[in-house]
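Here's a quick briefing to read alongside the model. Have the viewer open and follow the topics in order.

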Amino acid sequence: MIRREYLMTPGPTPLPPEVLLTQAEPMMHHRTPEYTELFVQLIANLKEIFLTKNEVLVFSASGTGAMEAAVANCFSPGDSVLVAHGGKFGERFRDIAKSYGLDVVEYAYEWGDVADPEVIGRMLKEKPWIKGVILTHSETSTGAVNDVKSVGEIVRETPAILIVDSISGVGALEMRTDEWGVDVLVCGSQKALMTPPGMAAVAVSPKAWELVEKSSLPKYYFSFSKARKSMSDKSPQTPFTPAVSLTKAMSVGAKLILEEGLENVWKRHQMLAMCTRSAVEALGLRLFTRNLERSYAVTAVNAPPGIDGTKIVRIMNRKHGVILAGGQSQLKGKIFRIGHVGYYSFFDIIVSISALELTLRELGYPVEMGTGVAAAEESYYEYINDK
Ligand SMILES: *Cc1c(COP(=O)(O)O)cnc(C)c1O
């Protein structure tokens, strides 16, 4: 049989044909008017997607590069930051802050849970010297989504800045950077933006720039100030050679989001998540994340008792060509994750669910074929017929 692959992971994600085609174009020089035009348009589009008037800077790096940049540019040695974490990516931000010698005040909540904004408020009151709050928007490792808006309302009343990892959020889930008081928004290319991995962006507020100007942590390639200076040139550009092909891809990905309409994109992700959840529950499986706190970017599902989640992921991939993500760290083998962030339509969900039904039966879990698929179709039918 031929093998067709279906990439259903929460990053990297599938690419639209328009984006793929940019990767076959001849190389362009980055100090030309043509490149500047592309770059200026990309920044303008990203601002629209981020819903921000703040400065947006892009870096050739995966999302983690921008996370590191946020820490290195906003703080000085010994500064206190509050890191809220309840998953692998929240912990990554904590580790980055620690590796830069910051005094990290941890607010660890359970994996699968979300941060309580009031706890953050209390911690800021107890330690008014905290310079920044670091939060994960959509925690891709657990499928939980934090209430950035409420945290923003609290942090904006304090001298601290709010840094948000929205790498699997912005461009798929509602994220109102300015309205919600996000001082540094961190974004990566390979999730919602329908672009290959390797590009990252940040949006930096005036409140954050004040800290950037005082920051004495070491940085060079990721310097916000250098990037800002190149942006203010007559022909805006990046200080160093950018990943030209990826910049092209990202500009097309961003354009496609705006053509669909930001709110329509948010609604589509909600639909994809709702259909996936109803399918999984119809199969008798349990969702890992609590209701009301589930991200529309990814659905985390508990492996059924007695079945190893890594086996589900392996069979889905090897036998059916459907690539899901397993659990990370402490969740390894316990959960599997169905990605639906970026270039996905309803029928991609059917592919994931159909392969899941086959796989579960192969592993001895009782499945009546089509149960999950039918549930997804019912949800979708309702969605398209009674908006
Ligand atoms: C994907 C992701 C990252 C970044 O990972 P990279 O491997 O550096 O691209 C960070 N945070 C979250 C929430 C993510 O989903």
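Val298 sits across from Gly339 of strand E14. Before going further: this is a predicted model, where local features need pLDDT of at least 70, side-chain atom pairs count only at pLDDT 80 or more, and totals for chains, interfaces and linings use all residues. Residues are numbered from 1 along each chain as its sequence is written, and side-chain values use heavy atoms, with hydrogens and water left out.

Helices (H or I, at least four residues) and strands (E, at least two) are DSSP runs, numbered from the N terminus. Two strands pair if DSSP finds at least two bridges between them.

- The pairing of E11 with strand E14 (residues 335-339) is antiparallel and rests on five bridges.
- Asn302 is set opposite Ile335 in E14.
- The open sheet has three strands in the order E11-E14-E13, paired antiparallel.
- Its edge strands, each pairing on one side only, are E11 (298-302) and E13 (325-326).
- E11 is mostly covered, with four of its five residues buried; buried means under 20% relative accessible area, exposed over 50%, and partly exposed in between (1.4 Å probe, protein chains only).

**Helix H11**

- How far apart are the end C-alpha atoms of H11? They are 16 Å apart, and that agrees with the 16 Å that the twelve residues of H11 (residues 309-320) should span at 1.5 Å a residue. The expected span is 1.5 Å times one less than the number of residues.
- Gly309, Ile312, Val313 and Met316 are the buried residues here in H11. Looking down the axis of H11, they fall within an arc of 95°, so they line one face of the helix; the arc is that of the directions from the helix axis to the C-beta atoms.
- Arg318 and Lys319 are exposed, on the face of H11 turned away from its buried side.
- The cover over the buried residues of H11 includes strand E12 (322-323), E13, E14 and helix H12 (346-362), where contact means heavy atoms within 4.5 Å.
- Just past H11, Gly321 adopts a positive phi of about 70°.

**Helix H7**

- In H7 (residues 206-214), Ala208, Trp209, Leu211 and Val212 are buried. Viewed down the axis of H7, the buried residues fall within an arc of 160°, so they line one face of the helix.
- Pro206, Glu210, Glu213 and Lys214 are exposed, on the face of H7 turned away from its buried side.
- Among the packing partners of the buried H7 residues are strand E2 (55-60), helix H3 (63-74) and helix H8 (224-231). Strands E8 (161-165), E9 (184-188) and E10 (199-204) also pack against them.

- Is Glu293 buried or exposed? Glu293 is buried, at a relative accessible area of 13%, and lies in the loop between helix H10 (262-282) and E11.
- The side chains of Glu293 and Arg290 make a polar contact of 3.1 Å. That term covers a pair of N or O atoms within 3.5 Å; within protein, one must be able to donate a hydrogen and the other to accept it, and residues adjacent in sequence count only if both atoms are side-chain atoms.
- Leaving out residues up to four places away in sequence, Glu293 touches Gly112, Asp113, Val114, Gly143, Ala144 and Val145.
- His30 counts as buried at 11% relative accessibility, in the loop between helix H1 (17-22) and helix H2 (33-50). With residues up to four places away in sequence not counted, it touches Tyr35, Gln237, Thr241, Pro242 and Val244.
- Glu126 is found in helix H5 (residues 117-126) and is exposed, with a relative accessible area of 57%.

- Most residues other than glycine have a negative phi, and most peptide bonds are trans.
- Leu292 is not a glycine, yet has a positive phi of about 75°; Leu292 is exposed, with a relative accessible area of 81%.
- Ser329, also not a glycine, has a positive phi of about 45° and lies in the loop between E13 and E14.
- Gly11 and Pro12 are joined by a cis peptide bond, with omega about -10°.

**Domains**

- The protein is divided into domain 1 (6-12 + 261-384) and domain 2 (17-259), with bounds from an automatic or database domain assignment.
- The contact takes 28 residues from domain 1 and 32 residues from domain 2.
- Their C-alpha centres lie 28 Å apart.
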